[in-house]
Amino acid sequence: MSSLDELSGAIATVAERVGSSIVSVGRDGRGSGVVVADGQVLTNAHNLRGGEVTVTFSDGRSARGEVRGVDPDGDLAVIAVDTSGAKAVDPGAAESPSVGTPVFGAAATFGGGVRVTVGFVSSVARSFRGPGGRRISGSIEHTAPLAPGSSGGALLDVEGRLIGLNTNRIGEGFYLALPADAALRERIESLGKGESVERPRLGVAIAPNHVARRLRRSVGLPERDGILIRGVEDGSAAAAAGIVVGDLIVSAGGRAIADADDLQDALGMLNPPFDVVLVRGADEKTVTISGAKQQRTPGDA
């Protein structure tokens, strides 16, 4: 059997195994989704328009689904819908694939049916900006071609098992997928229970790094990595901790903070109370954050 015959057989096998697991999301087929459990479809948050959504299955059946849980910053959502006749896709290995691993992209076609393409992992641990501007790290870059409407579809291994959720196009012929690792599976489980993700926020506005450096130089202070506070919301967690305009936050919960992404990442991992180290003038000061409200505003924290 030739290599071409083997490849053709692999594509056909994957299509057969996951055909019923891949769905179209939205009445206009704006995105795809993956059946991950009985009555549950995983998709990208950016595919949603409101709390209800039309889900179309590979056999052409359409059903009305309800958004069970959503993580806007992580670009994930779970839809509750009648998945009768559609099997859940099998999970792949818990760890992300390595560069050179062959992968298959599976997405819905408008009106039903599945499209399967093949490519290779071209890079790992890639980052991109989610719909709200927050950095999403650890993504799989691959070359399996994806047509419009493929976001929220599956990235699969040669056995047709789920190893990622296709999310973002980064250029001609390259695509990013959220890895279906242990952390993602935990998030899917929480979203399926209706536990939408709420990331904490301090209630501060942040000056760009170049502005922070220029201001410190202008008053004779040494440059230092950190984020400069240009505004503090009344009644916020930052205000309660005593953070004021002009403070330079250099660490949070023991994590070094060099830019806004570092702070967002830290807030996503921390639960109050936690300490924030800041520089006020030339003096270093530690304050305790005892409560932090949900992060909602892109660019602030």
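## Strands E5 and E6

Valine 67 has isoleucine 79, in E6, as its bridge partner. Strand E6 covers residues 76-80 and pairs with E5 in the antiparallel sense over five bridges. Two strands count as paired if DSSP finds at least two bridges between them. Helices (H or I, at least four residues) and strands (E, at least two) are DSSP runs, numbered from the N terminus. Four residues lie between E5 and E6 in their hairpin, where aspartate 75 takes a positive phi near 60°.

This is a predicted model: local features need pLDDT of at least 70, side-chain atom pairs count only at pLDDT 80 or more, and totals for chains, interfaces and linings use all residues. Residues are numbered from 1 along each chain as its sequence is written, and side-chain values use heavy atoms, with hydrogens and water left out.

## Strands E4 and E5

E5 (residues 62-71) also pairs with E4 (residues 52-56), antiparallel, over five bridges. Threonine 54 stands opposite arginine 64 in E5. This hairpin has five residues between its strands. Glycine 60, in the turn, has a positive phi of about 95°.

## The barrel

Six strands close into a barrel, in the order E7-E8-E9-E12-E11-E10, with antiparallel pairing. Neighbouring strands of this sheet are turned by 50° against each other on average, direction ignored. Axes are lines fitted to C-alpha atoms, for helices over the stretch in contact; angles run from 0 to 180 degrees between N-to-C directions.

Helix H1 (residues 3-18) packs on the sheet. H1 touches E7, E8 (114-129) and E10, contact being heavy atoms within 4.5 Å. The directions of H1 and E8 make about 85°.

Three bridges join E7 (residues 102-108) to E10 (residues 154-156), antiparallel. Alanine 106 has alanine 154, in E10, as its bridge partner.
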